[in-house]
Amino acid sequence: MSKKIQTNQNQQENVLGFFGKYLTIWVALCIIAGVLIGQFIPAVPETLSKFTYAQVSIPVAVLIWLMIYPMMLKIDFSSIVEATKKPKGLTVTCVSNWLIKPFSMYLIAALFLKIVFKNLISPDLASQYLAGAVLLGAAPCTAMVFVWSHLTKGDPAYTLVQVAVNDIILLVAFTPIVAFLLGVSNVAVPYDTLFLSVILFIIIPLAGGYFSRKYIIKSKGLDYFENVFLKKFDNVTIIGLLLTLIIIFSFQGEVILGNPFHIVLIAIPLIIQTFFIFIVAYGWSKAWKLPHNIAAPAGLIGASNFFELAVAVAISLFGLESGAALATVVGVLVEVPLMLALVRIANNTRHWFEK
């Protein structure tokens, strides 16, 4: 093993630390714990579900703040202006998210749900599952992408700009894309979910990070901020992520145990689509010789989905008990394990981007 490869491996282990090194084990344990809690202590998810507004779970939102805040602390606001001067990364993000992802999701989901699995799923149910998949594919992630970017040492300022641009496009492109792909004209976008998510997952943690950074640097200096204060949050993101998994799977335990076979059938095209869009954006970034701290978040933004929005629209369009709603829930279930796999791939291929 060459010294360079060994050095790269050591750097990759340091990216995630102790929790990250055994993350697969923690994730599996948290998923099992969540399902068991949902089955044997149903009062827990029932109580937590009462704290939901506009399809956004407030307990999950608090945990997402824990995950996002450390990354927001690292944003030097003067670097945001510089980030906007690097259009290649934004081009990769916008094209892969809006000109490729919704349509590849439709094609891959239709291929499996309507053709490959036609003897296993009724035509009507297949159409509903396809609708749920399209809703997932038409909305790139807003909140959790900060976590994935943080875990790959992505550029915080550039990630913020990438997410902000996506959210602006989302406001005008989500409805026509969904209407076109599903052939429906009465798509009602739950703007309360959309705006609440932007406020909760971008504006509030960004403001918290900005004022914390400004106050700490002013009172104790930049050296203390970078070498002492920031290090206090090394494992906060991972802990927040694992607690989020427990809550999500406690909510969905009954769904998992009640529909195991169809969940697997729905998950297959979603998993293929996730890897496909990641490869497109990540590979394109490498071809354009973008740095790894821009390439990784570019690939991860497209791969992850704005599942709060997809679930809300599925319920409003097709009903709570519909196949479309179930498909969006499956999107929630596979999201975190899949994204952690992509984070590992991005970290293990970091040396591809090093000169």
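1. Leucine 36 sits in helix H2, in what is a predicted model, and with a relative accessible area of 44% this residue is partly exposed, because that class lies between the limits of under 20% for buried and over 50% for exposed. Leu36 is also one of the residues of a nonpolar surface patch of about 490 Å², which it makes together with Ile32, Phe40, Ile41 and Val44. Helix H2, spanning residues 23-40, gives the largest share of that patch, namely 3 residues.

2. As for the protein as a whole, 16 helices and 2 strands are assigned, and 53% of the 355 residues count as buried. Among contacts with a separation of 6 or more, 86% are accounted for by residues 24 or more positions apart.

3. Serine 304 deserves a separate look. It is found in the loop that runs between helix H14 (292-303) and helix H15 (307-318). Is this serine 304 buried or exposed? Its relative accessibility is 0%, so serine 304 counts as buried. A polar atom of the serine 304 side chain lies 3.5 Å from the backbone oxygen of isoleucine 301. Leaving aside residues up to four places away in sequence, serine 304 touches Lys101, Ala139, Pro140, Cys141, Val145, Trp148, Glu335 and Met339.

4. The structure holds 6 aromatic pairs. One of them joins phenylalanine 112 and phenylalanine 117, whose ring centres are 5.7 Å apart and whose planes meet at 55°, so this pair is tilted. Phenylalanine 112, at 17% relative accessibility, counts as buried, and phenylalanine 117, at 9%, also counts as buried.

5. How many degrees lie between the planes of phenylalanine 225 and phenylalanine 229? The angle is 20°, with 5.9 Å from centre to centre, and the aromatic pair formed by phenylalanine 225 and phenylalanine 229 is stacked, because planes under 30 degrees apart are placed in that class. Both residues belong to helix H11 (residues 222-229), where they are 4 residues apart, or about one turn of the helix, and both phenylalanine 225 and phenylalanine 229 are buried.

6. A further aromatic group should be noted when the model is inspected: Phe278, Tyr282 and Phe353 are linked into a cluster by ring pairs.

Note on methods: Residues are numbered from 1 along each chain as its sequence is written. This is a predicted model: local features need pLDDT of at least 70, side-chain atom pairs count only at pLDDT 80 or more; totals for chains, interfaces and linings use all residues. Side-chain values use heavy atoms; hydrogens and water are left out. Patches are made of residues with over 30% relative accessible area and no salt bridge: like charges are joined within 9 Å, nonpolar side chains (Val, Leu, Ile, Met, Phe, Trp, Tyr) within 5 Å. Accessible areas come from the Shrake-Rupley method with a 1.4 Å probe; for residues, only the protein chains shown count as cover. A salt bridge is a side-chain nitrogen of Lys or Arg within 4 Å of a carboxyl oxygen of Asp or Glu. Buried means under 20% relative accessible area, exposed over 50%, partly exposed in between (1.4 Å probe, protein chains only). A polar contact is a pair of N or O atoms within 3.5 Å; within protein, one must be able to donate a hydrogen and the other to accept it, and residues adjacent in sequence count only if both atoms are side-chain atoms. Contact means heavy atoms within 4.5 Å. Rings of Phe, Tyr and Trp (its six-membered ring) pair if their centres lie within 6.5 Å; planes under 30 degrees apart count as stacked, over 60 as edge-to-face and the rest as tilted.
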